[in-house]
Amino acid sequence: MKLRVPMDSAARALGADEVVDALVAEAGRRGQQIEVIRTGSRGMVWLEPLVEVEIDGIRHGYGPAGPEDAAAILDGTSVKALGPVADLDWMRRQTRLTFARVGVIDPLSLAEYEAHGGLAGLRRALAMTGQQIVDEVKLSGLRGRGGAGFPTGIKWQTVHDAAGPQKYIVCNADEGDSGTFADRMLMEGDPFTLIEGMAIAGLGVGAARGYVYLRSEYPDAIAVMRGAVLTAREAGLLGRDVLGSGRAFDMEIRVGAGAYVCGEETSLLNSLEGKRGVVRAKPPLPALEGFLGRPTVVNNVISLATVPVIFEKGAQHYADFGLGRSRGTVTLQIAGNVARGGLFETAFGISLGEVVNDLGGGTASGRPVKAVQVGGPLGAYLPVSRFDAALGYEELDASGGLLGHAGLVVFDDTADMLAMARFAMEFCAVESCGKCTPCRIGAVRGVETLDRIAAGDPAALPLLTDLCETMKDGSLCALGGFTPFPVMSAVTHFPDEFARLKEAAE
Amino acid sequence: MRHVAPQPTVEDIETLIAPFLALEGPLLPILHALQEEYGHIPAQAHVPVAEALNISRAELHGVISFYHDFRDKPAGRHVLKLCRAEACQSVGGAELAAETLARLGLDWHGTTPDGALTVEPVYCLGLCACAPAAMLDNRVVARVDAAKLDRLLAEARA
């Protein structure tokens, strides 16, 4: 009997290891032969730990499973039975391109990776020139999935055209935004996709070295990525002679040290160099003067991990999905106070309301939805009246939102929006790198000003608005520059919570 | 097991950091290795590290003090990190953290008097669809409630 149980850290945090122990112990008691394969997560976090039992080549799901379910799962009589996993509504409605293998394969089996389409993209890229590779990425319409949405192909072109004795591919895996976990799931569930994407990027721009800057808060992802790099090196996928092509590309996993601002690309580069993670002024662009002053591609995990499927299926296939200038798929992360949270990959263009109410099933608490913070701690709080907004870079921007890394945090009607606005300023104050004044000082003043509003000071709200303008216009990077988004969106959409106290004081 | 009062010699430090010196940008890997070995960045390491990398002690201090992860003195035997970020707040994370700190009589970054446990804030563990989240040493726990927290605290203080 073949079983699969995720080793994704969300599944483990919900007790997947204990479920595996119980299954093995129960099978031992019965003298039954079972094989338990650890996989990534399918992304249905509300069903984790999700045990899959393979019957006639079809995987049947049981979840959320606890150790007490082991006997009934082995008998096939468990009340946690969900039927074939591929037929579940959540799975059928997705377009899984980047996440095609996550939850399906053993993350550290290169053989399974290849059997499920892995390395086809790299083999195709090896037959192309650097310019052809860059053109293919441009044609796909891929844009930076870390949040900025900058066209990946144009960034690669800059690095391709730059002269330099050494160029670098740096993967930004410093996924610090609350409500986002796509990078983590991808690295824990299909690490070779990221390695393959970085190798293709290296071939495209002429870089022979790569680094993944991975946050220390993700110990499981670090372990899986390190294991995958060793396997890839042994198999000749990395090294002096990539897949026997005579071309070199090798990479290393580097661990961050708990600084949120290092998710900003220039801070990340300073940190990778062993310096304080302070922001660099741009220009020069990292594409021209990046790691150690050399031309560097800095891309998010999901951007790089999407490159292999673009080369496997063709750029046009990828570009055929999406809406407007947002081509391909978006890996939505549905989180917070939500009944069905998890990862859902679909073409750009789905509405916010469909994601929260239909896919997510509303709040976990059963109370009405009050707001959704889209795009992490620097994204706006959107009220239910904006639920018709389409999830695309420009479309959400037009609705006053920010798609960012496509994380959505749902709040019910008990949420205190003044407290959330204050937290945004407090977080900015804690995490500011200190290089620019609007962020370093502004965030501290922001906390104080919000406390004055809470105490009923009528002069404080105009001051907060003015302060937010200054931070937006004057900060060097998105930390100080975008903290006003959650703050001012809370003020705009929930004015009563900022005014009521004032009236009480008057 | 972390050393309670490590007194590394210059030779100990030099041996520990030698494998990293050929890396591009070796300082963060070195600091992680020191902290892994000693539970903090011992003051005795400052001069050998600065000399090996040809940077000033002030620069080194600047780097160590910039990052939340690096400590200049040992933590408790276990470190409990409680997530303070938005997704965890949406399901009562802030209240849970406040109760935990009150019960232990600690503020953030504080250590229990028996030296068993240090409690620190963390901003996101990537468990936002099964919040609130916590991490005891390197083990993550999701949908943390009072009962789960009791078990974690008992385990840490055993």
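Predicted model: local features only at pLDDT ≥ 70, side-chain atom pairs only at ≥ 80, totals over all residues.
Buried here means under 20% relative accessible area.

**Strand 14 and its neighbours (chain A)**

- Strand 14 of chain A pairs with strand 16 (residues 407–412) of chain A in the antiparallel sense, over 5 bridges.
- Strand 14 of chain A also runs antiparallel to strand 15 (residues 381–383) of chain A, and 3 bridges join the two.
- A:Ala371 has a bridge partner in each of these: A:Phe411 in strand 16 of chain A, and A:Pro383 in strand 15 of chain A.
- The hairpin of strands 14 and 15 of chain A has 6 residues between the strands, and A:Gly375 takes a positive phi near 90° in it.

**The parallel sheet (chain A)**

- Chain A has an open sheet of 4 strands with parallel pairing, in the order 8-7-6-9.
- Strand 8 (250–255) and strand 9 (296–300) of chain A are the edge strands, each pairing on one side only.
- From one strand to the next, the twist averages 20°.
- Strand 6 (residues 168–173) and strand 7 (residues 209–214) of chain A pair in the parallel sense over 6 bridges, and A:Ile169 has A:Gly210 of strand 7 as its bridge partner.

**Backbone spots to look at**

- Some background first: most residues other than glycine have a negative phi, and most peptide bonds are trans.
- A:Gly63 and A:Pro64 are joined by a cis peptide bond, with omega about -10°; A:Pro64 is in the loop between strand 4 (58–62) and helix 3 (70–75) of chain A.
- The peptide bond from A:Pro283 to A:Pro284 is cis too, with omega near 5°, and A:Pro284 lies in the loop between helix 12 (265–272) and strand 9 of chain A.
- B:Asn54 has a positive phi near 55° and is placed in the loop between helix 3 (46–53) and helix 4 (57–66) of chain B; at 72% relative accessibility, B:Asn54 counts as exposed.
- B:Cys124 has a positive phi near 90° and is found in the loop between strand 2 (117–122) and strand 3 (134–136) of chain B; with 2% relative accessibility, B:Cys124 counts as buried.

**Salt bridges**

- Over all chains, the structure holds 42 salt bridges.
- A:Glu252 and A:Arg209 meet in one of them through their side chains (3.1 Å, N to O).
- That pair links distant parts of the chain, 43 residues apart: A:Glu252 is in strand 8 and A:Arg209 in strand 7 of chain A.
- A:Glu252 is buried, with a relative accessible area of 18%, while A:Arg209 counts as partly exposed at 22%.
- A:Arg445 and A:Glu448 form a salt bridge with their closest N and O atoms 3.0 Å apart; both lie in helix 18 (residues 437–454) of chain A, 3 residues apart, about one turn of the helix.
- A:Arg445 counts as partly exposed at 42% relative accessibility, and so does A:Glu448 at 37%.
- There's also a network: salt bridges that share partners join A:Arg12, A:Asp17, A:Arg38 and A:Asp220.

**Domains (chain B)**

- The domain assignment of chain B gives domain 1 (10–66) and domain 2 (78–157).
- Taken over C-alpha atoms, the centres of these domains of chain B are separated by 30 Å.

Technical notes: Residues numbered from 1 in each chain as written. Chains lettered and ligands numbered in written order. Heavy atoms only, no water. Pairing = 2+ DSSP bridges. Domains from an automatic or database assignment. Axes fitted to C-alpha atoms, helices over the stretch in contact; angles between N-to-C directions. Buried < 20%, exposed > 50% of the residue type's maximum accessible area, 1.4 Å probe, protein only. Salt bridge = Lys/Arg side-chain N within 4 Å of Asp/Glu carboxyl O.
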